[in-house]
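Trainee: Could we go through this structure together, with a few questions about the ligand and some individual residues?

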Amino acid sequence: MIRDEKTLNALLEEVRDWVRRVAHPNEQRVADTNEVPPGIVQDMAGRGFFGWSIPEEYGGLGLTTEELVMAAMELSQSAVAYRARVGTNTGIGSEALVADATEVQKQKYLPLMASGQATGCLALTEVNAGSEASNIETTARRDGDHYVLNGMKRYITNAPIADLFTVFARTDPDSSGARGISAFIVERGYEGLSTSAPYKMMGQSGSPVGEVIFDDCRVPVENLIGGVEGIGFKTAMKVLNKQRIHLAALCTGPAIRMLDMAMDHANTRQQFGQKVGNFQLVAAMLADCRAEIEAARQLVLATARARDAGADIALEASICKYFASEMCGRVADRCVQVFGGAGYVADHSSIERYYRDVRLFRLYEGTSQIHQLNIMKQMQRRRSAEAVSR
Ligand SMILES: Cc1cc2nc3c(=O)[nH]c(=O)nc-3n(C[C@H](O)[C@H](O)[C@H](O)COP(=O)(O)OP(=O)(O)OC[C@H]3O[C@@H](n4cnc5c(N)ncnc54)[C@H](O)[C@@H]3O)c2cc1C
């Protein structure tokens, strides 16, 4: 749903301009220093980029899902590190609070994330809880007016720099699977919480990912999200359902950018006395990229609109994430091919960096295989529901 076309267009224009004027010229610097420079982070914060999805009453822009995915497609037409820097606040790092927190919790934490003063993250994954996300072993034991958390989360985006952690832990020691899990908002500085150094990764230089360690970490009872034990996994699923559409948009932006770079190359590089883009075999690769990007874009927009209208989008959100992330991988591969050797040599183009950066999309927030399984599950669920209503 678009609330006000003029306001949205102004925002999209601002992001588009910022991406070309600030983000693109600094991409190599971000890769070389493995950090988004603090001045650029401040610039993004000043422009409200951290608060896109946070409701207006808590200092954000309160973008609808449709507006959010449109903004995300613009911002992500640059190195992934930029949108990863703000993206936990506009997605998984704030959404559990937006969806399920008490009013007091919202008032306390959301304005900090909306302004970019605090960086949020979502800590779900563990050594034995990857695709099987409900197999959480981190425990939270009630001790007076605190919970005492013990365990370790791994592969957590922005953990090394985060101020606020949405953490999922087992409050019922006798439970297994999705039951008995609760969600907490944990502040850096709480006794017993530490984070690792960032991992060395295949790509996404400048986007720190690491571990979160809870060693008798004392969390005040008032930081139990929603104030109710045992509903944490439902909260996680609410977050991830919305995030699947958001992430699909964030897969579409880099694909648009890679195609743009490949088009430039195809229109300038000459072989056999003509531009390589004139060769029909090259043209076909570029056309396939465009066709798939457009399909993903329309799918994401339609699903975002359906979510805004209150429809059940569990099936469509999974399709979005699966299709857009796989699409982005295919586009990256074809674009490297269009660049020829220059696509492989980092000194000659940045397409190889994008190729490495986007590989992650098919792995996190549900691997492609997990989404294929979920798509089947959701199809069966709908068939059963239709059969009952017939
Ligand atoms: C850089 C990075 C950032 C991340 N950020 C976050 C974050 O911010 N917060 C967070 O909580 N997590 C985060 N993750 C974790 C991510 O969501 C998990 O890595 C992902 O869910 C896969 O889990 P796994 O790595 O344990 O793989 P595994 O579950 O071990 O999967 C291994 C392989 O087995 C396949 N497989 C597993 N189960 C099945 C099945 N039932 N059927 C068919 N195939 C199956 C998978 O598809 C995969 O191919 C991040 C990961 C990375 C690498």
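Mentor: Happy to; what follows is a set of questions and answers on this predicted model.

Trainee: Let's begin with the ligand. How many residues surround the ligand?

Mentor: Good place to start. The space that the ligand takes is the largest pocket. Among the closest residues of the shell are Thr125, Tyr155 and Gln369. Sorted by type, the shell has 12 nonpolar residues, six polar and one charged. Altogether, the number of residues surrounding the ligand is 19.

Trainee: Which strand and which helix each supply at least two residues of the shell around the ligand?

Mentor: Tyr155, one of the closest residues to the ligand, lies in strand β3, and that strand spans 146-157. The helix covers 368-389. The two elements that each give at least two shell residues are β3 and α12.

Trainee: How far is a polar side-chain atom of Ser131 from an oxygen atom of the ligand?

Mentor: Let's set it beside two other contacts. Thr157 has a polar side-chain atom 2.8 Å from a nitrogen atom of the ligand. For Thr367, a polar side-chain atom is 2.7 Å from a ligand oxygen. For Ser131, the distance from a polar side-chain atom to a ligand oxygen is 2.6 Å.

Trainee: And how much of the area that the ligand exposes when taken alone does the protein bury?

Mentor: Start from the ligand by itself, which exposes 980 Å². Once the protein is counted, part of that area is covered, and the share buried is 64%.

Trainee: Which loop holds Gln204?

Mentor: Gln204 is also a residue other than glycine with a positive phi, near 55 degrees. Because its relative accessibility is 4%, Gln204 counts as buried. Its place in the chain is the loop between β6 (193-195) and β7 (209-220).

Trainee: How far apart in space are Tyr190 and Gly203, C-alpha to C-alpha?

Mentor: Tyr190 is in the loop between β5 (181-187) and β6. With 15% relative accessibility, Tyr190 counts as buried. Tyr190 and Gly203 are 13 residues apart in sequence, and the C-alpha to C-alpha distance is 31 Å.

Trainee: Now to Asn267. How far is Asn267 from Gly277 in space, C-alpha to C-alpha?

Mentor: Asn267 belongs to helix α8, residues 232-268. Its relative accessible area is 43%, so Asn267 is partly exposed. Asn267 and Gly277 are 10 residues apart in sequence, while their C-alpha atoms are separated in space by 5.7 Å.

Trainee: Why does Ser325 count as buried?

Mentor: Ser325 sits in helix α10. A polar atom of its side chain is 3.2 Å from the backbone oxygen of Tyr322. Buried means under 20% relative accessible area, and Ser325 counts as buried because its relative accessibility is 0%.

Trainee: Glu316 is in that helix too, I think. What is the distance in space between Glu316 and Ile375, C-alpha to C-alpha?

Mentor: Glu316 does lie in helix α10, which runs over residues 314-339. At 24% relative accessibility, Glu316 counts as partly exposed. Glu316 and Ile375 are 59 residues apart in sequence, and their C-alpha atoms lie at a distance of 8.1 Å.

Technical notes: Residues numbered from 1 in each chain as written. Predicted model: local features only at pLDDT ≥ 70, side-chain atom pairs only at ≥ 80, totals over all residues. Heavy atoms only, no water. Near = heavy atom within 4 Å. Polar contact = N/O pair within 3.5 Å; in protein donor to acceptor, adjacent residues only side chain to side chain. Areas by Shrake-Rupley, 256 points an atom, 1.4 Å probe, with all protein chains shown as cover. 1 Å grid on protein atoms, 1.4 Å probe; cavity = no way out; pocket = protein on both sides within 12 Å on 5 of 7 lines; lining within 4 Å. Sits in = over half its atoms within 2 Å of the grid points. Helix = DSSP H or I, 4+ residues; strand = E, 2+ residues; numbered from the N terminus. Nonpolar A, V, L, I, M, F, W, Y, C, P; charged D, E, K, R; others polar. Buried < 20%, exposed > 50% of the residue type's maximum accessible area, 1.4 Å probe, protein only.
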